[in-house]
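Dear colleague,

Please find the structure below, handed over for your use. The findings follow directly after it.

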Amino acid sequence: MDSTILPEHSTGPTPGFAGRFPYRHLLGIEGLARPDIDLLLDRAEDFVEQNRQADKKVSALRGRTLINLFFENSTRTRTSFELAGKRLGGDVINMSVDTSSIKKGETLIDTAMTLNAMHPDALVVRHPESGAVQLLAEKVNCAVINAGDGSHEHPTQALLDALTIRRRLGTLEGLEVAICGDVAHSRVARSNIHLLSIMGARVRLIAPSTLLPAGIERLGVEVHHDMRRGLDGCDIVMMLRLQTERMKGSFVPSVREYFRYYGLNQEKLRAAKPDALIMHPGPMNRGVEIDSLVADDIDRSLIREQVEMGVAVRMAVLQILVEAQVEPWARNQ
Ligand code: NCD
């Protein structure tokens with residue numbers, strides 16, 4: 001099947017696709033429109049209930065093959081995609097590729113061509129280089145889902161965060177969301193900034209200047225260097241891990257110092273709204289960016305719910321992209 005009639009993701013919304021997801025791939029949140037996001041979240045909502053039943057399996061991906069191609073370590077994202085594919089009734093293959101021993105560019109294209117020859121229906125790709133997933137998507141015929149590329153985008157994480165918030169507060173519109181920590185190296189932050197802005201929430205970033213990318217204000221966010229001022233009156237606090245594996249050189253004086261100024265604890269959290277909710281994409285570094293008393297607060301921490309929503313969101317994305325491949329409008333005729 002040739003699906004070239006479907007635009008690549010990132011070209012902006014296509015007219016005439018009302019009620020449908022008008023893209024072949026999910027490479028990022030940037031460029032999506034509000035109806036695209038609503039469509040994915042509404043579909044994910046159905047899977048939340050499905051996933052709570054004893055029999056969690058449906059047959060939407062029956063006969064289809066999903067390949068998880070991870071050039072970077074991952075526990076929760078890979079497991080979540082694997083479960084999502086299996087619960088949809090698909091065949092799931094996991095491939096972990098060690099990038100340290102081989103020339104990266106060469107491996108990426110070679111691997112893409114090899115996998116493409118096996119006719120997968122969807123490829124889920126994580127790669128340490130920003131833009132690598134897009135490059136791979138240009139070489140294959142199936143749907144490609146970005147599971148995190150360098151510090152660029154991690155669209156399913158932003159979608160699962162949105163679903164978690166929407167289920168708790170009903171809407172994202174008008175919310176004040178603070179994203180705190182290592183924004184410079186975070187694809188989660190970038191995807192969330194795009195998604196929250198598209199959905200009508202306001203975003204503040206809180207970080208030392210060494211952990212903020214230059215010119216980030218252009219994305220329409222408010223920037224703070226002081227936790228208490230930045231958290232003042234916010235509805236949601238999203239904490240980010242210090243991504244030391246992406247740091248070349250020293251970005252913070254010491255972990256102790258970092259926790260003192262930017263670690264979320266009960267005292268700093270008092271600056272936020274009294275019922276403000278706490279989120280973290282994981283993996284968490286307790287005592288570095290977040291204190292256990294806050295992370296484990298059963299009334300205010302959404303961290304466990306985020307993991308649950310991850311499976312539902314990934315099922316929705318897989319189903320919608322694979323469904324699009326068999327729609328008449330997706331065929332080249
Ligand atoms: C994030 C990632 O890999 O970008 N984790 C995740 O997907 N659950 C954030 C992180 O690694 O800190």
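Where is the place of P283? P283 sits in the loop between β9 and α10 (292–295). The peptide bond that leads from G282 to P283 is cis, and its omega is near -5°. Helices here are DSSP runs of H or I with at least four residues, strands are runs of E with at least two, and both are numbered from the N terminus.

Before the remaining findings, a note on the basis. This is a predicted model, in which local features need pLDDT of at least 70 and side-chain atom pairs count only at pLDDT 80 or more, while totals for chains, interfaces and linings use all residues. Residues are numbered from 1 along each chain as its sequence is written, and side-chain values use heavy atoms, with hydrogens and water left out.

**The five-stranded sheet**

An open sheet is formed by five strands in the order β7-β6-β5-β8-β9, with parallel pairing; two strands pair if DSSP finds at least two bridges between them. The edges are held by β7 (222–224) and β9 (277–279), each with a single partner strand, so one side of each has no neighbour in the sheet. On average, neighbouring strands of this sheet are turned by 20° against each other, direction ignored. Within the sheet, β5 (residues 176–180) and β8 (residues 236–239) are joined in the parallel sense over four bridges, and A178 has V237 of β8 as its bridge partner. Helix α6 (residues 187–198) lies across β5, β6 (202–206) and β8, and runs at about 170° to β5. Such angles run from 0 to 180 degrees between N-to-C directions, and the axes are lines fitted to C-alpha atoms, for helices over the stretch in contact.

L269 belongs to helix α9 (residues 266–269). L269 has 6% relative accessibility and therefore counts as buried; buried means under 20% relative accessible area, exposed over 50%, and partly exposed in between (1.4 Å probe, protein chains only). Leaving aside residues up to four places away in sequence, L269 touches L231, V237, L264, I278, V294 and R300, where contact means heavy atoms within 4.5 Å. Between L269 and V237 there are 32 residues in sequence and 8.6 Å in space, C-alpha to C-alpha.

**Strands β3 and β4**

β3 (122–127) and β4 pair in the parallel sense over five bridges, and V125 has N146 of β4 as its bridge partner. In β4 (residues 143–149), seven of the seven residues are buried, so this strand is largely enclosed by the rest of the structure. In the loop between α3 (104–116) and β3 lies H119, which has a positive phi of about 55° although it is not a glycine. With 62% relative accessibility, H119 counts as exposed.

**Helices α1 and α5**

The axes of α1 (residues 34–51) and α5 (residues 155–169) come within 10 Å and cross at roughly 70°. The two helices are therefore roughly perpendicular (65 to 115 degrees; under 35 is roughly parallel, over 145 roughly antiparallel, and the rest oblique).

**Cysteines**

The count of disulfides, pairs of cysteine sulfur atoms within 2.5 Å, comes to zero. The closest cysteine sulfur to that of C234 is in C180, 7.2 Å away, which is too far for a bond. C234 counts as buried at 0% relative accessibility, and C142 counts as buried at 4%.

With kind regards
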